[in-house]
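Subject: Structure handover

Hello,

Here is the structure I promised to pass on. Please open it next to this email and follow along.

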Amino acid sequence: MKIVALETSAVTASAAVTEDERLLAQSFQNSGLTHSATLMPMVAGLLKNTGLTLDEMDVVAVAAGPGSFTGVRIGVAAAKGLAWPGDKPCAPCSTLESMAWQCAHAGGEICAAMDARRDQVYCARFWAEKGELKRITEDRAIGLAELAEEVRASGRPQLLVGDGAHLVQAALEAQGLPCALMPPHLLYQTAWGVARCALELARAGGLVSAAAMAPSYHRLSQAERERLGRAE
């Protein structure tokens with residue numbers, strides 16, 4: 001199964017082409033340039049350099065959230081645009097689960113986290129064993145203090161991944177709880193993780209049409225919160 005995958009949920013942007021569990025090509029950028037300017041040239045370059053075409057892709061995958069509202073919207077819109085002409089099935093992947101796949105080989109408890117502001121992180125925890133993942137929690141926005149108590153109750157060291165990993169590390173270490181960061185080249189979100197998550201989604205029959213694919217924000221935007229506040 002050939003998958004083209006997109007990741008724009010935070011500051012970094014990446015695209016990847018995979019076949020089953022094999023990475024064929026990946027482009028990653030953490031330069032601060034806008035995703036709208038970098039993403040599609042990445043995809044075009046990867047397909048050209050691998051000698052493949054969009055028609056040969058079986059699935060279009062994207063990190064559908066949680067994450068930056070703007071970043072997630074850009075990624076989902078781009079994935080829809082790639083999938084729609086050829087009626088390709090789509091994989092709307094959890095950003096957090098996609099990150100966890102990057103360290104599934106390490107084993108143990110994985111805490112995938114993204115900065116959600118307001119002393120919160122978007123977070124999900126997983127158990128990794130023999131390169132496979134099992135969910136411990138669903139994706140959610142959670143306070144750092146609450147997360148620390150949850151980790152204390154688990155009694156296990158945490159392997160931290162994601163752009164919120166340093167925030168979680170500080171919160172856990174302040175409570176004397178053992179944790180470790182993934183190395184820099186595996187710390188941030190990557191499109192390979194999205195493709196790996198998409199493969200599991202495909203195996204479970206979880207693919208959707210381009211029309212049905214939608215972002216999954218897990219929290220109202222600041223503008224929506226302010227609008228609701230004014231209405232009260």
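Average pLDDT for the chain is 92, and 93% of the residues reach at least 70. One stretch needs care. Over residues 221-231, pLDDT stays under 50. For that stretch the model has five contacts beyond four places in sequence. Where pLDDT is low, the predicted coordinates should not be read in detail.

**The sheet**
Look for five strands in an open sheet. Their order is β3-β2-β1-β4-β5, with mixed pairing. The edges belong to β3 (22-29) and β5 (90-94). Each has a single partner strand, so one side of each is left without a neighbour in the sheet. On average, neighbouring strands are turned by 20° against each other, direction ignored.

Now go to β1 (residues 2-7) and β4 (residues 59-65). These two strands run parallel and are joined by four bridges. Within this part of the sheet, L6 stands opposite V62 in β4.

**Two helices on the sheet**
Helix α1 (residues 35-50) lies across β1, β2 (13-19) and β3. Its angle to β2 is about 25°. Helix α2 (residues 69-83) also packs on the sheet. This helix touches β1, β4 and β5. Its direction makes about 165° with that of β4.

**The aromatic pair**
How many aromatic pairs does a search of the whole structure find? The search finds one. The partners are F69 and Y217, with ring centres 4.6 Å apart. Their planes meet at 25°, so the pair is stacked; the cut-off for stacking is under 30 degrees.

F69 lies in helix α2, while Y217 is in the loop between α7 (191-203) and α8 (222-231). The pair therefore ties together parts that are 148 residues apart in sequence.

Are the two residues buried or exposed? F69 has 17% relative accessibility, so it counts as buried. Y217 has 22%, so it counts as partly exposed. The line between these classes is drawn at 20%.

**Charges over rings**
The charged end of R156 sits over the ring of W127, 5.0 Å from its centre. R196 lies over the face of W101, at 4.0 Å from the ring centre.

Best wishes

How values were computed: Residues numbered from 1 in each chain as written. Predicted model: local features only at pLDDT ≥ 70, side-chain atom pairs only at ≥ 80, totals over all residues. Heavy atoms only, no water. Pairing = 2+ DSSP bridges. Axes fitted to C-alpha atoms, helices over the stretch in contact; angles between N-to-C directions. Contact = heavy atoms within 4.5 Å. Phe/Tyr/Trp six-rings, centres within 6.5 Å; stacked < 30°, edge-to-face > 60°. Buried < 20%, exposed > 50% of the residue type's maximum accessible area, 1.4 Å probe, protein only. Lys NZ or Arg CZ within 6 Å of the ring centre and 35° of its normal. pLDDT = per-residue confidence, 0-100.
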